Each structure stands twice: as structure tokens, then as C-alpha cells.
Amino acid sequence: MNPARPGDPGATRECPHCRETILESAMVCPACRHHLRYGASVDAPSAPALTPLSIEGSIRHPADSEPWEYTVVVTIRDDLGVEIARKLIGVGAIDAHEQRSFTLSVEAVPAKRRVSGKGGTRH
Ligand SMILES: [Zn+2]
């Protein structure tokens, strides 16, 4: 992996509340939904988030038989198909005729690339 430097698009930090790795630019932690104060620019209102991908689906246990155990895994791949993230979201069990719903959404906001002076990228 190639972590982005602070200030660059994709730069991350740790949520002080839940310790999840989140975007440096996030004003609300998407995991625990706590508001975050530092790190986010207050003067620049953030652009509305796009949702270029949103998938909802559900599974229903089909019959009176043994319960199912399920595992929810999300993977992210780059444009070469290389896996760059893999996360176990949750596990559980579902009894006969029960239902579970799952929602996957990808939010995106325009991010300005910080213009760096000295110490920037060298060619
Ligand atoms: Zn959090």
C-alpha cells in the first residue's frame, strides 16, 4: 500500500472515538458517527457527497432447516484488480424464515490536491 501524505486526497487518520481508520477530511466518523473537530477545515464547507455506488440486498433463510451462519466481507480492488483492502464487517446466524438486509455504499467527495512547496514531489 502507498499511504497518502497528510493533506493529500486519501490521507487518513484514526478516529479518536472508535479507532477506525477514516479519511483525514471527514467531519463525522462514518463508523461511530461522532463529530470530529480537529483536522477538518472549518472555513471551507464540504461539497455534498456523491454516492457513486450503493447496493442493497437481503437474504432470507428459505426453509425449516438448520440455521445458517453468515460472514460479511467487503474487498476493495484497484483498476488492476489488486486487492487493496479486505474487511470483515460482521458475522451472525439466521434462523429458518428469518431475513437479514445488507447495504453497501461508497461515498465520494471532491478533494483538492494540496499544492506543496519545498519538500514536495520530486521528479
Ligand atoms: Zn469513530
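Visitor: What makes Arg19 count as exposed?

Guide: Arg19 has a relative accessibility of 52%. Buried means under 20% relative accessible area, exposed over 50%, and partly exposed in between, with a 1.4 Å probe and protein chains only. At 52%, Arg19 therefore falls in the exposed class. Before we go on, please keep in mind that this is a predicted model, in which local features need pLDDT of at least 70 and side-chain atom pairs count only at pLDDT 80 or more, while totals for chains, interfaces and linings use all residues. Residues are numbered from 1 along each chain as its sequence is written, and side-chain values use heavy atoms, with hydrogens and water left out.

Visitor: How do you know that the side chains of Glu14 and Arg19 meet in a salt bridge?

Guide: The N to O distance between Glu14 and Arg19 is 3.0 Å. A salt bridge is a side-chain nitrogen of Lys or Arg within 4 Å of a carboxyl oxygen of Asp or Glu, so this pair qualifies. Glu14 itself is partly exposed, at 42% relative accessibility.

Visitor: What makes up the secondary structure of the chain?

Guide: There are zero helices and six strands, and from the N terminus the order is β-β-β-β-β-β. Helices (H or I, at least four residues) and strands (E, at least two) are DSSP runs, numbered from the N terminus.

Visitor: Which atoms are the protein donors of the zinc ion?

Guide: They are the SG atoms of Cys15, Cys18, Cys29 and Cys32, lying 2.2 to 2.4 Å from the zinc ion. Water is not among the atoms, so sites may look incomplete. Along the chain the donors follow the spacing C-x2-C-x10-C-x2-C. Cys18, in the loop between β1 (12-14) and β2 (21-23), and Cys29, in the loop between β2 and β3 (50-60), are eleven residues apart and link distant parts of the chain.

Visitor: Why is the site of the zinc ion called tetrahedral?

Guide: The angles among the four donor atoms are 106 to 115°. The ideal angle for four tetrahedral donors is 109.5 degrees.

Visitor: Is Cys29 buried or exposed?

Guide: Cys29 is buried, at 0% relative accessibility, whereas Cys18 is partly exposed at 28%.

Visitor: What makes the nonpolar surface patch?

Guide: Leu53, Ile55, Leu104 and Val106 make this patch of about 290 Å², and β3 and β6 each supply at least two of its residues. Patches are made of residues with over 30% relative accessible area and no salt bridge: like charges are joined within 9 Å, nonpolar side chains (Val, Leu, Ile, Met, Phe, Trp, Tyr) within 5 Å. The areas come from the Shrake-Rupley method with a 1.4 Å probe, and for residues only the protein chains shown count as cover. Leu53, in strand β3, has a relative accessible area of 36%, so Leu53 passes the area cut-off.

Visitor: Where in the chain is confidence lowest, and where highest?

Guide: Confidence is lowest in β2, with a mean of 91, and highest in strand β4 (residues 68-77), at 96. The scale is pLDDT, the predictor's confidence in each residue, from 0 to 100. The mean for the chain is 84, and 80% of its residues reach 70 or more. Where pLDDT is low, the predicted coordinates should not be read in detail.

Technical notes. Donors are N, O and S atoms within 2.8 Å of the metal (3.2 Å for Na, K and Ca); water is not among the atoms, so sites may look incomplete. Four donors count as tetrahedral if all angles lie between 85 and 135 degrees; four count as square planar and six as octahedral if opposite donors are over 155 degrees apart and all others between 65 and 115; anything else is irregular.
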